[in-house]
Amino acid sequence: GSAAGCLRQVPAEPGMTVLIPAGTPHALGAGILLYEIQQPSNVTFRLDDWGRVDAFGVARALHHREGLALVDPRSRPEPIPRVPLADPAADRALLVATAYFALERIAFAEDAAVRIAAVDSPQVLTPVTGAVTLDASGWVSTAAIGETVILPAGQEAKLSGHPDSVVLRGWVPDLEREVISPARAAGATDSAIRGLGVPTAGAVDGTRRVAHEPVQRSGANSC
């Protein structure tokens, strides 16, 4: 049999972001190109491999017993509305944010530069259109579509982009300082911030797990 008939189908559209909580079986449809960021984990339970075999005709192992024990039948991920940030030099928006990872979209309408603040984790910057230049205290690197530059923890930088360049920036956030405060300063409601995956009741502890998330891997996909 196949698990395909048991899964809900969500039509993919360019620019769409979906947060997939741990315990959610998921698979990609044909022809989809996406950017995936996830909680660090070596655990993957494969419920279906769609009939694929290796060069010797051998199928990979499935993990029905282990995987089904961890499935959350209530999980119904939906596309996440972007949360805009205030920056006159570029169109910046948060796409997703949890205690484990955050993803920001930075779009340039013209030749311009933005400041990438220093944070406590490394940062990854990947152009999905156009090309950019990163200047970190005199260390300069360029990246084009599909290439990734890693900015070390504690290092700020200047990111310069050309017209129509779009960059995805990922890191492990301090939720209060790097997500909630700038989002509120830009006019975002608590409801919009919660939609990113952030708990907003009272002070946020950056080590807290997102409500309803069991101890497994979670990730986000942006088309």
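This is a predicted model: local features need pLDDT of at least 70, side-chain atom pairs count only at pLDDT 80 or more; totals for chains, interfaces and linings use all residues.
## A walk through the salt bridges

Show the cartoon next, and you will find three helices and 13 strands. The C-alpha atoms fill a box of roughly 55 × 45 × 30 Å along the principal axes. Among contacts with a separation of 6 or more, 68% join residues 24 or more positions apart.

Now colour by charge. There are 19 positive and 24 negative side chains, and the centres of the two sets lie 6 Å apart. The count of salt bridges comes to twelve.

Select glutamate 78 and arginine 8, whose side chains meet in a salt bridge at 2.9 Å, N to O. This pair links distant parts of the chain, 70 residues apart: glutamate 78 sits in the loop between helix H1 (64–68) and strand E3 (83–85), while arginine 8 lies in the segment before strand E1 (17–20). Glutamate 78 is partly exposed at 47% relative accessible area, and arginine 8 is partly exposed at 42%.

Move on to arginine 52 and aspartate 49, a salt bridge with the closest N and O atoms 2.8 Å apart.

Next, pick arginine 74 and aspartate 72, which form a salt bridge at 3.2 Å, N to O. Here arginine 74 is exposed at 69%, but aspartate 72 is buried at 12%.

Finish by selecting Asp87, Arg92, Glu104 and Arg169 together: salt bridges link these residues in a network.

Technical notes. Residues are numbered from 1 along each chain as its sequence is written. Side-chain values use heavy atoms; hydrogens and water are left out. Helices (H or I, at least four residues) and strands (E, at least two) are DSSP runs, numbered from the N terminus. Contact means heavy atoms within 4.5 Å. Lys and Arg count as positive and Asp and Glu as negative; His and the chain ends are not counted. The place of a charge is taken as NZ of Lys, CZ of Arg, CG of Asp or CD of Glu. A salt bridge is a side-chain nitrogen of Lys or Arg within 4 Å of a carboxyl oxygen of Asp or Glu. Buried means under 20% relative accessible area, exposed over 50%, partly exposed in between (1.4 Å probe, protein chains only).
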